[in-house]
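This report describes selected side-chain interactions and helix packing in one protein model.

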Amino acid sequence: MSLNRDIVFKGAKDAFGAPAAILFAGMLGFGAMGQANGLDIWLTSATSFFMFALPGQVVLVELLVLSASGVTIAIAVTLTATRFFTMCLTLFPQFPEKQRSSFYYLVVHFVAMTAWAVSMRDFPKMKPEDRLSYFTGFAFVCWAVSTPATVLGYMVAGQVPSYINLGLVFINPLFFLLTFTEVKPRANRIAILLGAPIGLLSYLWFPDYSLLIAGIMGGTIAYMIDKHFRNRQHA
């Protein structure tokens with residue numbers, strides 16, 4: 001299997017700009033968060049290099065500060081990473097079968113919200129044989145900026161107000177949300193519209209499980225509504 005160099009560079013070029021800048025800002029905030037919670041710079045930056053999953057990294061830091069056991073930390077971080085299972089299930093089948101190889105074991109490490117959302121939005125406009133090359137270039141740039149941003153955030157933590165540091169962490173999920181609203185399937189948009197109020201309401205009673213409840217309820221209801229409309233169209 002070989003990648004199309006021109007398409008790889010195109011993906012990398014598209015990543016430089018809003019996607020990389022947004023991810024850079026999020027990791028900048030995470031680096032400051034690590035410093036504020038007493039972690040050393042090596043551990044903080046290593047999580048960006050090896051994990052590359054901002055929600056899981058935040059959970060890791062919080063549990064380390066609470067002196068949780070290794071088993072508890074492993075389970076909690078693993079649960080935050082379960083979203084990658086469905087992300088990969090929807091992303092990788094869009095690559096042609098002839099391109100399937102052990103290279104997937106490397107490129108799967110670059111899967112993250114930003115690259116996945118942009119790919120799900122833009123893949124329908126691309127030739128199938130160009131998708132893996134594009135994703136590799138795009139996702140690699142997003143991964144490559146994460147560690148330097150974390151280091152920089154750690155180093156300038158004391159010079160930036162804490163509320164700004166915390167706000168930077170949430171820029172990346174916001175960018176993901178805005179990007180995903182452009183994905184054509186109706187069910188996705190319905191799920192987003194339902195998930196927001198369901199998440200807020202469930203947080204009042206079940207704060208530890210509100211995100212899970214919002215995802216399950218919002219996604220299920222969105223699927224049922226979309227299925228109802230599809231059945232009416234085919235009737």
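Lys125 is exposed, because its relative accessibility is 66%; the classes are buried for under 20% relative accessible area, exposed for over 50% and partly exposed in between, computed with a 1.4 Å probe on protein chains only. The model is predicted, so that local features need pLDDT of at least 70 and side-chain atom pairs count only at pLDDT 80 or more, while totals for chains, interfaces and linings use all residues. Residues are numbered from 1 along each chain as its sequence is written, and side-chain values use heavy atoms, with hydrogens and water left out.

**Salt bridges**

The whole structure contains 3 salt bridges, a salt bridge being a side-chain nitrogen of Lys or Arg within 4 Å of a carboxyl oxygen of Asp or Glu.

| Lys10 | Asp14 | 3.2 Å |

Arg121, Asp122 and Lys125 are linked in a network of salt bridges. Arg121 is partly exposed at 23% relative accessibility.

Lys10 and Asp14 both belong to helix H1 (residues 5-15), where they are 4 residues apart, about one turn of the helix. Helices (H or I, at least four residues) and strands (E, at least two) are DSSP runs numbered from the N terminus. Lys10 is partly exposed, with a relative accessible area of 45%, and Asp14 is also partly exposed, at 32%.

**Aromatic pairs**

Rings of Phe, Tyr and Trp (its six-membered ring) pair if their centres lie within 6.5 Å; planes under 30 degrees apart count as stacked, over 60 as edge-to-face and the rest as tilted. By this rule there are 11 aromatic pairs. One of them joins Phe49 and Phe50 in an edge-to-face arrangement, at 4.9 Å centre to centre and with 75 degrees between the planes. Phe49 is partly exposed, with a relative accessible area of 37%, whereas Phe50 is exposed at 62%.

Phe49 also pairs with Trp143; this pair is tilted, with 5.1 Å centre to centre and 55 degrees between the planes. Because Phe49 lies in helix H3 (residues 41-50) and Trp143 in helix H9 (residues 128-155), the pair ties together parts that are 94 residues apart in sequence. Trp143 is buried, with a relative accessible area of 14%. Ring pairs link Phe49, Phe50, Phe110, Phe140 and Trp143 into a cluster.

**A buried glutamine**

Gln57 lies in helix H4 (residues 54-65) and counts as buried, because its relative accessibility is 0%. Neighbours within four places in sequence aside, Gln57 is in contact (heavy atoms within 4.5 Å) with Met27, Phe30, Thr47, Ser48, Met51 and Phe52.

**Packing of two helices**

Helix H12 (residues 186-205) packs against helix H13 (residues 210-234) at an angle of about 145 degrees, and their axes are 7 Å apart. Axes are lines fitted to C-alpha atoms, for helices over the stretch in contact, and angles run from 0 to 180 degrees between N-to-C directions. The residues of the contact of H12 with H13 comprise 13 nonpolar, 7 polar and 3 charged. In this division Ala, Val, Leu, Ile, Met, Phe, Trp, Tyr, Cys and Pro count as nonpolar, Asp, Glu, Lys and Arg as charged, and the others, Gly among them, as polar.
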